[in-house]
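Student: I would like to work through this protein with you, one question at a time. Could we begin with a single residue and then widen the view to the whole chain?

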Amino acid sequence: MNESAPDAGTLRSFLSGDARELAPQLLGAVLTHQSRDGAVSIRLTEVEAYLGPEDSLHPDPGSHTYRGPTPRNAPMFGPAGHLYVYFTYGMHHCTNIVCGPAGVASALLLRAGEVVDGLELAQRRRPTSRTPADLASGPARLAKALGLTTADSGRDALAPPFGLELPSCTSGPVSTGPRVGVAGAGGSAEYAWRFWLTGDPTVSKYKAAKPRIRKQPAR
């Protein structure tokens with residue numbers, strides 16, 4: 001980690017860039033959440049970039065913002081450095097860090113990481129994990145280990161009780177590929193906006209989206 005960490009203003013300026021360019025630079029960064037139960041810090045090892053609506057400069061059919069702004073995805077249009085946390089499949093939370101200039105929708109989904117502080121608390125939150133490497137291997141697991149829910153959506157990840165530290169040096173080789181579980185064109189090789197630290201044991205397994213089966217009209 002950096003001995004002289006940049007201040008929140010510098011970090012926000014950095015995060016105001018293009019999510020696709022920021023993604024590999026955020027690998028190795030450490031996100032911390034200090035809750036009433038204690039602190040957990042996770043070193044990011046896998047992220048996915050998501051951009052904007054279909055009528056924007058960078059349309060992204062895999063993004064929650066593709067059909068335009070809603071109360072749910074509003075944080076993605078907000079200032080860089082804030083969190084966008086959503087609930088999916090009726091059971092999981094997933095966490096994003098908003099990127100780009102305010103008003104331009106983009107974010108990085110935090111897919112996986114290594115718990116580097118608060119291991120015992122993370123294990124209590126994730127009792128089904130078999131190994132430390134499994135604690136935050138996947139976006140739902142990562143959010144659970146950090147203790148994040150939709151109540152945290154819109155909060156500033158660069159201010160207490162959160163903290164973000166960028167890596168002080170390159171964390172190693174980076175691989176890229178299609179995003180996980182994204183249906184349609186957004187999950188294709190054309191949108192290979194998933195980035196991960198090559199060979200890291202905490203990186204999640206790739207799963208393509210299941211093809212949607214259209215119901216035949218009744219005759």
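Student: Is Thr-202 buried or exposed?

Tutor: In this predicted model, Thr-202 sits in the segment that follows strand 8, which covers residues 194-197. Its relative accessibility is 4%, and the limit for calling a residue buried is under 20%. Because 4% falls under that limit, Thr-202 counts as buried.

Student: Which residues is Thr-202 in contact with, leaving aside its neighbours within four places in sequence?

Tutor: A contact here requires heavy atoms within 4.5 Å. With the neighbours within four places in sequence set aside, the partners of Thr-202 are Thr-45, Ala-112, Gly-113, Glu-114, Ala-133 and Ser-137.

Student: Is Gly-181 buried, partly exposed or exposed?

Tutor: Gly-181 is found in the loop that runs between strand 7 (174-177) and strand 8, and, beyond its neighbours within four places in sequence, it is in contact with Lys-207, Ala-208 and Ala-209. Its relative accessible area is 43%, whereas buried means under 20% and exposed means over 50%. Because 43% lies in between, Gly-181 is partly exposed.

Student: And what is the relative accessible area of Ala-183?

Tutor: Ala-183 also lies in the loop between strand 7 and strand 8, and its C-alpha atom is separated by 15 Å from that of Leu-51, a residue 132 positions away along the chain. Ala-183 is classed as partly exposed, with a relative accessible area of 28%.

Student: Where does the chain have a cis peptide bond?

Tutor: The place to look is the loop between helix 4 (139-146) and strand 6 (162-165), where Pro-161 lies. Omega is about 10° for the bond in question, and the two residues that this cis peptide bond joins are Pro-160 and Pro-161.

Student: What is phi of Tyr-89, and is this residue buried or exposed?

Tutor: Tyr-89 belongs to the loop between strand 3 (83-88) and strand 4 (92-98). Its phi is positive although the residue is not glycine, with a value near 55°. Since its relative accessibility is 71% and the limit is over 50%, Tyr-89 counts as exposed.

Student: Why does the radius of gyration agree with a compact globule?

Tutor: The protein has four helices and eight strands, and residues 24 or more positions apart account for 60% of its contacts with a separation of 6 or more. For 219 residues, a compact globule would have a radius of gyration near 17 Å, and the protein agrees because its own value is 17 Å.

Student: What share of the residues is buried, and what share of the accessible surface belongs to carbon and sulfur atoms?

Tutor: Of the 219 residues in the protein, the buried ones make up 48%. The accessible surface comes to about 11,300 Å², and the share of it that belongs to carbon and sulfur atoms is 53%.

Note on methods
Residues are numbered from 1 along each chain as its sequence is written. This is a predicted model: local features need pLDDT of at least 70, side-chain atom pairs count only at pLDDT 80 or more; totals for chains, interfaces and linings use all residues. Side-chain values use heavy atoms; hydrogens and water are left out. Helices (H or I, at least four residues) and strands (E, at least two) are DSSP runs, numbered from the N terminus. The radius of gyration is taken over C-alpha atoms; the globule rule is 2.2 Å times the number of residues to the power 0.38. Buried means under 20% relative accessible area, exposed over 50%, partly exposed in between (1.4 Å probe, protein chains only). Accessible areas come from the Shrake-Rupley method with a 1.4 Å probe; for residues, only the protein chains shown count as cover.
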